[in-house]
Amino acid sequence: MARTKKSLDNVDITDLLKDLNKEFSTTETLPRVKSELLSLDIVLGGQGIPLGKTIEIASASGVGKSTLLLHVSRNLCRQGYRVVWLDTEYATDDELLRKMGLMDYKDDLFNIFQVGTFEEVEKILDTLMPTGQVQFIVLDSLANLTSAANLASTVYNKDIAKSVENKQVAGDARSQTMFMKKYKAMCAKNNITMFFVNQLRQFIPTGYGQVAKEVHSGAKAVKYNMDCIIDLISAGKIKGKKTTINGEEEIDIGSNVFFYIKEKSRICQGGVKVPGAIYFGQGFSNIATVKILMEMKKVPYNGKMVKMLSQSGQTFTLTFGGQQITATYQTGLKDAIRDHYDEIIAEFEATDFNVIKDDFEEATAVHINEDPTIGMTDDEAIYDDEDNEINVTDEE
C-alpha cells in the first residue's frame, strides 16, 4: 500500500515554532552563583559563576589550582549547593579537606571520588548528572585521565598488554574528544557547571620556525568545548618561615597570581588580568586582592586625588569614604582592610563588581604589558604547627 504524502499546505509555522521552543529554547539568562572569591568573581564578569557552563582553570604546576577550587567548593557548599569532586591525582585526603573547611560538608554537599579513567568518570557523571541534584563538578585534573584499557595493560593481562611506547598514538586524545563533547552537552542540559583543572606545559619546538611556548595539555577538543578558559599566571611566590630539623627555613607558602582570560570566553569579557593571592592548603585571600586594587586606584581627599593605599616605611595610609586611617605593619594593614571591607569595596562604585562600570574597570583591567605586583614585597608568614594556620608577621 502506497504511503500518503503529508501535505504542507495547512502547516502553521507559529505552532511549530512554539513546540520547538518548548523543547529546545536556550535564550533564558542563566543564574549565577557568587564564588565569594573576589578575583574569580570579577574575572567572570562580576556576577559570579554561571550555571550550565564548562570552565577550565589552567596553570603551570604548583601555582594553586586545586587549593583555589577547594576554597570555591567550600563557599558553594556553605551556600547549600552540592559539589562533586573527581580526584584523578589521588592527592586529596581528609587532612587537606579539614584544613580547607570541607569536612563539615563531606558525604553530604561535598562528595569526592578518586578515579583514574574516562570510564570511571563516565559512570559517576552518568549516574549523578541527570538527577538534577548536583550543581557543580570539579575534575582535578583532566590531564591525568586515561582509558581503562591503558590502565589494565599489564603482563597479567596478556590480551591487551603493551608497553607504554607501543600504545596507540593519540588514543587518550580521541577519548578526551568524545568525553568533552558528551559532558559539555550534559552540563548545558542539566544546568550544571563543571570545572576542569588543566596543566600549562612547555611546548618543545621540533621543526623549523617553531618557538617554545606554554600550551594547554590535551586535545584541541578541550579548547573547543570550554565556555571559558581562565589561566592562572604566576606573579611570584609568597614566602614563609617554618621551623624544621635544620632550624628556621624559608619556604614557598603560596602564589601571587593573575586570573587571565586570554583565549576564550562565552561568559564574560576577556583580555584582562585580575590580581590575587593563593595560600597553599589554606585558600584564596580576598584581602590581598583588595590591597592590590587599592594601590592601583586614586580617590578624592581634601581637594586632591590620592592613592587609596600608600605606604611610608612600615606605616600604611588608607583613604576611603572621605576619611583616612593608618595601620602599622602588614598585620595591621590586613586587620584594617578586614574591619572596613564593605566601606572599601563601596569606594569602587561597582554594583556586584560589574566590570562594565568604567570606574571599576579602570582599577581592575590590567592588560598584558602591565604588572601591578612590581615592587610588592612578599608576605611573610609562619606556620603554627598546632592548628596549621598561617599567621602573617612583619620584620621591622
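Predicted model: local features only at pLDDT ≥ 70, side-chain atom pairs only at ≥ 80, totals over all residues.
Ring pairs link F118, F179 and Y183 into a cluster. A search of the whole structure turns up five aromatic pairs. One of these is formed by Y81 and F136, with an edge-to-face geometry: the ring centres are 5.8 Å apart and the planes stand at 85°. This pair ties together distant parts of the chain, since 55 residues separate its members. Y81 belongs to the loop between α3 (65–78) and β4 (83–87), while F136 is in strand β6 (residues 136–140). The accessibility of the two partners can be given in the terms used for the rest of the chain. Y81 has a relative accessibility of 25%, so it counts as partly exposed. F136 has a relative accessibility of 0% and therefore counts as buried.

The chain as a whole can be described briefly. It holds 12 helices and 19 strands. Of its 396 residues, 44% count as buried. Among contacts between residues at least 6 apart in sequence, 65% join residues at least 24 apart.

One part of the chain to follow strand by strand is an open sheet of three strands, in the order β15-β16-β17, with antiparallel pairing. β15 (309–312) and β17 (323–328) each have a single partner strand, so they stand at the edges and one side of each is left without a neighbour in the sheet. From one strand to the next, the twist averages 25°.

The pairing can be traced from β15 onward. β15 and β16 are joined in the antiparallel sense by four bridges. Within this pairing, L309 has L318 in β16 as its bridge partner. The two strands form a hairpin with two residues between them, and G313 in the turn has a positive phi of about 65°.

How much of β16 is covered? Five of the six residues of β16 are buried, which makes the strand mostly covered. Helix α10 (residues 329–339) lies across β15, β16 and β17, and runs at about 140° to β17.

Elsewhere, strand β3 (residues 54–59) is also mostly covered, with six of its six residues buried. In a regular strand the side chains alternate between the two faces of the sheet. For β3, T54, E56 and A58 are on one side, I55, I57 and S59 are on the other, and all are buried, so that both faces are covered. β3 is joined to strand β9 (residues 228–244) by four bridges, and the two strands run parallel. Across this pairing, I57 stands opposite I230 in β9.

S255 is placed in strand β10 (residues 247–260). Its relative accessible area is 0%, so S255 is buried. Which residues does S255 contact, leaving aside its neighbours within four places in sequence? The contacts of S255 are G62, V63, G236, K237, I238, G276, A277, I278 and F280. With V63 there is a polar approach: the backbone oxygen of V63 lies 3.1 Å from a polar atom of the S255 side chain. S255 and Y279 are 24 residues apart in sequence, yet their C-alpha atoms are 6.5 Å apart in space.

The last element to consider is helix α1 (residues 13–24). This helix has 12 residues and reaches 16 Å from its first C-alpha to its last, close to the 16 Å expected at 1.5 Å a residue. At the start of α1, a side-chain oxygen of D12 comes to within 2.9 Å of the backbone nitrogen of T14.

Notes. Residues numbered from 1 in each chain as written. Heavy atoms only, no water. Pairing = 2+ DSSP bridges. Axes fitted to C-alpha atoms, helices over the stretch in contact; angles between N-to-C directions. Contact = heavy atoms within 4.5 Å. Expected span 1.5 Å × (residues − 1). Polar contact = N/O pair within 3.5 Å; in protein donor to acceptor, adjacent residues only side chain to side chain. Phe/Tyr/Trp six-rings, centres within 6.5 Å; stacked < 30°, edge-to-face > 60°. Buried < 20%, exposed > 50% of the residue type's maximum accessible area, 1.4 Å probe, protein only.
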